[in-house]
Amino acid sequence: MPRGHTPAPQSPPRSPPVQATREEEPRLDVLINNAGVFQCPYMKTEDGFEMQFGVNHLGHFLLTNLLLGLLKSSAPSRIVVVSSKLYKYGDINFEDLNSEQSYNKSFCYSRSKLANILFTRELARRLEGTNVTVNVLHPGIVRTNLGRHIHIPLLAKPLFNLVSWAFFKTPLEGAQTSIYLASSPDVEGVSGKYFGDCKEEELLPKAMDESIARKLWDISEVMVGILK
């Protein structure tokens with residue numbers, strides 16, 4: 001494994017909710033990967049991964065893989081991954097995925113969002129012919145507590161609150177593209193695409209690099225313990 005990686009756990013984590021879903025639910029029609037942290041100080045998950053990469057990418061990667069069998073047996077089914085426009089400022093540094101050599105909270109967030117897109121495109125390739133689709137989206141700027149780690153000077157908070165109420169989306173508005181991809185007949189059979197405001201959008205070349213997507217998949221499998 002390249003230098004800078006945290007050793008993978010001895011075995012893949014198996015959380016009780018995932019076990020219960022696989023053992024008790026007869027089918028799974030839609031999986032929406034929407035967990036996220038944003039520009040937090042450097043910290044690690046319980047498994048030793050940098051928090052933003054661990055939650056925003058590896059968590060989605062592992063959960064999806066653990067539920068993939070149920071999704072396939074429930075086909076036609078859909079997987080939706082929530083990314084961000086900020087992927088444009090990220091890069092995949094395979095020498096330091098865990099940010100142990102250097103950490104920039106903005107860059108690491110963007111990297112995790114780029115990883116979401118690369119994961120989606122590689123998963124779509126692997127799911128061809130299964131009748132399980134996977135697409136990725138950006139929700140826009142939404143008025144939630146995702147930005148709780150961003151420091152805003154006390155005197156600027158009234159202005160920021162005014163701007164957020166005027167221009168940011170409500171949580172319901174921010175969820176519309178996720179709902180669209182999860183349920184609309186317009187995207188039946190569509191897979192591996194990137195959406196915003198319920199419309200397909202173009203990606204930068206770095207988000208469509210198949211070799212990087214495959215390498216990230218292979219390394220992610222080792223990091224979460226699917227492969228040893």
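Me: What's the strand order in the open sheet?
Reply: The order is E1-E2-E3-E4-E5, an open sheet of 5 strands with mixed pairing. Note that this is a predicted model.

Me: Which strands stand at the edges?
Reply: E1 and strand E5, residues 199-200. Each has a single partner strand, so one side of each is left without a neighbour in the sheet.

Me: How many bridges do E4 and E5 pair over, and in what sense?
Reply: They pair over 2 bridges, in the antiparallel sense. Phe195 stands opposite Glu200 of E5.

Me: And H3, which strands does it touch?
Reply: H3 packs on the sheet and touches E2, E3 and E4. The direction of H3 makes about 160° with that of E3.

Me: What does H6 lie across?
Reply: H6 lies across E1, E2, E3 and E4. It runs at about 160° to E2.

Me: Which H6 residues are buried?
Reply: Thr177, Ser178, Tyr180, Leu181 and Ala182 are buried. The helix spans residues 176-183.

Me: What covers them?
Reply: The cover includes four strands: E1 (30-33), E2 (77-82), E3 (132-138) and E4 (194-196).

Me: Switching to cores. How many residues are in the largest nonpolar one?
Reply: The largest nonpolar core has 39 residues. Ile79 and Leu123 have the most contacts inside it.

Me: Which elements give two or more residues to this core?
Reply: Helix H2 (51-73), E2, helix H3 (105-126), E3 and helix H7 (210-224). H2 gives the largest share, 9 residues.

Me: What is Ile79 in contact with, leaving aside neighbours within four places in sequence?
Reply: The list includes Leu31, Asn33, Thr64, Leu68 and Leu71. Leu123, Leu127 and Val132 are also among the contacts of Ile79.

Me: New topic, cysteines. How many disulfides does a search of the whole structure find?
Reply: The search finds 0. Cys108 is in no disulfide, and its nearest cysteine sulfur, that of Cys40, is 8.8 Å away. The cut-off for a disulfide is 2.5 Å between the sulfur atoms.

Me: Is Cys108 buried or exposed?
Reply: Cys108 is buried, with a relative accessible area of 2%.

Me: What's the relative accessible area of Cys198?
Reply: Cys198 has 27%. That makes Cys198 partly exposed.

How values were computed. Residues are numbered from 1 along each chain as its sequence is written. This is a predicted model: local features need pLDDT of at least 70, side-chain atom pairs count only at pLDDT 80 or more; totals for chains, interfaces and linings use all residues. Side-chain values use heavy atoms; hydrogens and water are left out. Buried means under 20% relative accessible area, exposed over 50%, partly exposed in between (1.4 Å probe, protein chains only). Contact means heavy atoms within 4.5 Å. A nonpolar core is a set of buried Ala, Val, Leu, Ile, Met, Phe, Trp, Tyr and Cys residues joined through side-chain atoms within 4.5 Å. Two strands pair if DSSP finds at least two bridges between them. Axes are lines fitted to C-alpha atoms, for helices over the stretch in contact, and angles run from 0 to 180 degrees between N-to-C directions.
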